[in-house]
Each structure stands twice: as structure tokens, then as C-alpha cells.
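Me: Hi, could you walk me through this model piece by piece? I would like the cut-offs spelled out as we go.

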Amino acid sequence: ASVALIAGPGFLTAKLLTAESGAQLEASLQQEAIAAGPLREALERVASGSRFESGLLQVTPVLTVRDHEGRFCRQYSLQRAGGEAVSGFACRNREGHWSIAFHAPNLGAQAAATDSNDFQPASGEGGSAIDQFIDKASRGDVVTGRDEAELISKGWPRT
């Protein structure tokens with residue numbers, strides 16, 4: 001079995017996106033992967049640690065951070081009933097779309113949010129691929145609690 005990994009724009013095709021994500025991503029003309037459907041809805045409206053269900057699909061935003069460009073980014077877990085879990089990381093672009101920077105089968109432990117919304121990595125020594133990606137992509141602290149709720153309620157305003 002091969003493992004598909006999306007780690008940045010430029011080499012994505014609609015066929016790959018559909019096969020790996022159950023049509024939850026769409027490729028723009030610039031070959032940027034954009035969250036669509038339930039994935040977009042969850043990233044846009046659901047607090048970290050809460051599950052969004054649509055049909056046979058479950059999406060759970062895991063955490064919110066800012067990247068080095070100051071954009072809001074969210075780690076997520078996506079699970080189709082009876083299928084394998086996928087871990088991903090998306091950042092909100094200038095147009096207000098969630099651009100997928102990382103989307104791959106969840107091959108091991110992933111970062112998780114506790115009931116208190118404090119970020120705690122659940123990975124073992126060295127961290128998982130998603131943990132390593134987020135460590136490089138993010139510039140600081142995890143956005144939690146009231147701060148995240150305010151961002152969601154205001155539609156992720158640019159600051």
C-alpha cells in the first residue's frame with residue numbers, strides 16, 4: 001500500500017485529492033488544495049476537540065495556531081466510517097479559503113487537545129509527521145478557549 005502525502009501546493013491533482021480524502025478537498029486553478037464540504041465546515045465553525053459529523057464522515061479540528069505568515073492554521077483529523085483516519089493541516093488564505101498544507105493517512109499517534117483545551121502532544125519520541133510539520137510551520141502558541149471561540153464567531157478575521 002502506498003502512502004500519499006500532501007505537503008504544500010504545486011503538485012496536487014483532483015484525482016489524488018478525491019482518492020485520499022473522499023472529495024473533501026478541491027484543487028484550484030493554481031493547484032492549491034482547498035478544503036470543501038464537511039472539512040471546510042468543520043475548520044470554519046467547530047472548536048478544537050469537538051467533532052463535526054456529516055453523513056459517514058467525521059472531522060475533528062485538533063488545534064489552532066498561526067503560521068510564519070501570520071495566517072490562522074488548524075490541524076484536523078478526518079475519518080470516514082469504516083475507512084482509515086487522515087491527519088491534516090490547513091491555513092486560511094487571503095481569499096478566506098482553507099488551503100491544505102498537509103493531508104496524509106494517520107499512521108500513528110497524533111497531537112490532541114485535552115478537555116481543558118491545552119495542547120498536549122500524544123506522539124512518542126521524535127513525533128509524528130504531522131507534529132513535525134506543525135512544529136516547522138507554526139510560529140508560536142496554540143490558540144485556545146475564548147480566543148479560538150472569538151475567531152470562529154467573527155469568521156476568522158485577518159489581523
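Me: In which helix do Arg45 and Glu41 both lie?

Reply: A note first: this is a predicted model, where local features need pLDDT of at least 70, side-chain atom pairs count only at pLDDT 80 or more, and totals for chains, interfaces and linings use all residues. Residues are numbered from 1 along each chain as its sequence is written, and side-chain values use heavy atoms, with hydrogens and water left out. Helices (H or I, at least four residues) and strands (E, at least two) are DSSP runs, numbered from the N terminus. Arg45 and Glu41 sit 4 residues apart, about one turn of the helix, and the helix that holds both (residues 37–45) is α2.

Me: How far apart are the closest N and O atoms of Arg45 and Glu41?

Reply: Side chains of opposite charge can pair when their charged atoms come close. A salt bridge here is a side-chain nitrogen of Lys or Arg within 4 Å of a carboxyl oxygen of Asp or Glu. Arg45 and Glu41 form one, and their closest N and O atoms are separated by 2.6 Å.

Me: Is Arg45 buried or exposed?

Reply: Buried means under 20% relative accessible area, exposed over 50%, and partly exposed in between (1.4 Å probe, protein chains only). Glu41, at 22%, is partly exposed, and Arg40, at 32%, is partly exposed too. Arg45 has a relative accessible area of 52%, so it counts as exposed.

Me: How many residues apart in sequence are the parts tied together by Arg74 and Glu148?

Reply: Arg74 forms a salt bridge with Glu148, with closest N and O atoms 3.2 Å apart. Arg74 lies in strand β5 (residues 72–80) and Glu148 in helix α4 (residues 145–153), so the parts this pair ties together have a sequence separation of 74 residues.

Me: Why do the buried residues of α4 line one face of the helix, and within what arc do they fall?

Reply: The buried residues in α4 are Glu148, Leu151 and Ile152. The arc is that of the directions from the helix axis to the C-beta atoms. Seen down the axis, the buried residues line one face because they all fall within an arc of 100 degrees.

Me: Which elements are included in what covers the buried residues of α4?

Reply: On the other side of α4, Arg146 and Ser153 are exposed. Contact means heavy atoms within 4.5 Å. The cover over the buried residues includes α2, β4 and β5.

Me: What is the handedness of the disulfide of Cys73 and Cys91?

Reply: A disulfide is a pair of cysteine sulfur atoms within 2.5 Å, and those of Cys73 and Cys91 are 2.0 Å apart. The torsion about their S-S bond is about 105 degrees, so the disulfide is right-handed.

Me: Which residues have the most contacts inside the largest nonpolar core?

Reply: In soluble globular proteins, nonpolar side chains tend to be buried together. A nonpolar core is a set of buried Ala, Val, Leu, Ile, Met, Phe, Trp, Tyr and Cys residues joined through side-chain atoms within 4.5 Å. The largest one has 19 residues, and those with the most contacts inside it are Leu39, Leu43, Tyr76, Leu78 and Ile100.

Me: In β7, which residue is the bridge partner of Gly88?

Reply: Two strands pair if DSSP finds at least two bridges between them. Strand β6 (residues 85–92) runs antiparallel to β7, and 7 bridges join the two. In β7 (residues 98–105), 8 of 8 residues are buried. The β7 partner of Gly88 is His103.

Me: What is the phi of Trp156?

Reply: Trp156 is found in the segment after α4, and at 3% relative accessibility it counts as buried. Gly155, which follows α4, has a positive phi near 75 degrees. Trp156 also takes a positive value, though it is a residue other than glycine, and its phi is near 60 degrees.
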